[in-house]
Amino acid sequence: MTSVVRFIKNNDHKKLTIAIYILTAFYRAQMLLVPSKRLQKHWGQSGVESPENVGWFSYFYAIKVGNEVNRIADKTPWESKCLVRALTARRLLHRKKIVTTLYLGVGKDENDAMVAHSWLRCGKAYVTGGDGAKYATVAKFCM
């Protein structure tokens, strides 16, 4: 716990760091406790994509949030994989009224096993999870 306090204390973006830390815990708990069909109702408009042209502030802030989410999610004591990261970044961007698209996809790994992945796009920039080029898109949600 002292390493977490030290990490937050020596951080330039304290409010953003704390918000990301709390949101990753919230979304991870949701993944464990709530059925996915009920969760999807809160992910936005299904089957719709956000516009590809957004203002420079939206790009700047989305990239900043994406970098911070990925950096902090690597240090959480709970599992913060792609969907938790995408939902966290989406929530932070939605607070600033920045429109995003959440993608859910499936693909195969090196052993030909099915794997799921999610990623978040704002304009033409991919905020979390990469561009999803290796995955077939199963669902998309615009918010």
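## The core

The largest nonpolar core in this predicted model has 27 residues, and those with the most contacts inside it are Trp 43, Val 65, Leu 92, Leu 93, Leu 102, Leu 120 and Val 127. Here a nonpolar core is a set of buried Ala, Val, Leu, Ile, Met, Phe, Trp, Tyr and Cys residues joined through side-chain atoms within 4.5 Å. Two or more residues each come from α2 (14-33), α4 (56-73), α5 (82-95), β2 (101-108) and β3 (114-122). The largest share, seven residues, is from α5. Helices (H or I, at least four residues) and strands (E, at least two) are DSSP runs, numbered from the N terminus. In soluble globular proteins, nonpolar side chains tend to be buried together.

A word on the ground rules. Residues are numbered from 1 along each chain as its sequence is written, and side-chain values use heavy atoms, with hydrogens and water left out. Since the model is predicted, local features need pLDDT of at least 70 and side-chain atom pairs count only at pLDDT 80 or more, while totals for chains, interfaces and linings use all residues.

## Helix α5

Start with α5: its 14 residues reach 20 Å from first C-alpha to last, close to the 20 Å expected at 1.5 Å a residue. The expected span is 1.5 Å times one less than the number of residues. α5 is mostly covered, with ten of its 14 residues buried. Buried means under 20% relative accessible area, exposed over 50%, and partly exposed in between (1.4 Å probe, protein chains only).

The buried residues in α5 are Leu 83, Val 84, Arg 85, Ala 86, Leu 87, Thr 88, Ala 89, Arg 90, Leu 92 and Leu 93. What do they pack against? The buried residues of α5 pack against α2, α4, β2, β3, β4 (125-128) and β5, where contact means heavy atoms within 4.5 Å.

## α4 against α5

α4 has 18 residues and reaches 26 Å end to end by C-alpha, close to the 26 Å expected at 1.5 Å a residue. Its buried residues include Tyr 61, Ala 62, Val 65, Val 69 and Ala 73. These turn up again at the contact with α5: Tyr 61, Ala 62, Val 65, Val 69, Asn 70 and Ala 73 in α4 meet Arg 85, Thr 88, Ala 89, Leu 92 and Leu 93 in α5. Beyond its neighbours within four places in sequence, Val 65 is in contact with Ala 89, Leu 92 and Leu 93.

As for geometry, α4 and α5 pack at an angle of about 140°, with their axes 10 Å apart. Axes are lines fitted to C-alpha atoms, for helices over the stretch in contact, and angles run from 0 to 180 degrees between N-to-C directions. α4 and α5 are therefore oblique to each other; angles under 35 degrees count as roughly parallel, over 145 as roughly antiparallel, 65 to 115 as roughly perpendicular and the rest as oblique.

α2 should span 28 Å with its 20 residues at 1.5 Å each, and its end C-alpha atoms are 29 Å apart, which agrees. Among its buried residues are Leu 16, Ala 19, Ile 20, Leu 23, Thr 24, Tyr 27 and Arg 28.

The axes of α2 and α5 come within 9 Å and cross at roughly 130°, so this pair is oblique as well. α2 passes α5 in a right-handed crossing. On the α2 side, the residues that meet α5 include Leu 16, Ile 20, Leu 23 and Tyr 27, and their partners in α5 include Leu 83, Leu 87 and Leu 92.

## Strand β5

Thr 137 sits in strand β5 (residues 136-142) and is partly exposed, at 44% relative accessible area. Not counting residues up to four places away in sequence, Thr 137 touches Tyr 103, Leu 104, Gly 105 and Trp 119.

Val 138 is also in β5, and at 58% relative accessibility it counts as exposed. With neighbours within four places left aside, Val 138 is in contact with Leu 104, Gly 105 and Val 106.

## Two positive phi values

Most residues other than glycine have a negative phi. Just after α5, Lys 97 takes a positive phi of about 60°. Lys 97 lies in the loop between α5 and β2 and is exposed, with a relative accessible area of 73%.

Asp 112 also has a positive phi of about 60° although it is not a glycine. Asp 112 is in the loop between β2 and β3 and counts as exposed at 56% relative accessibility.

Key. A crossing is left-handed if the near helix is turned anticlockwise from the far one by less than a right angle, and right-handed if clockwise.
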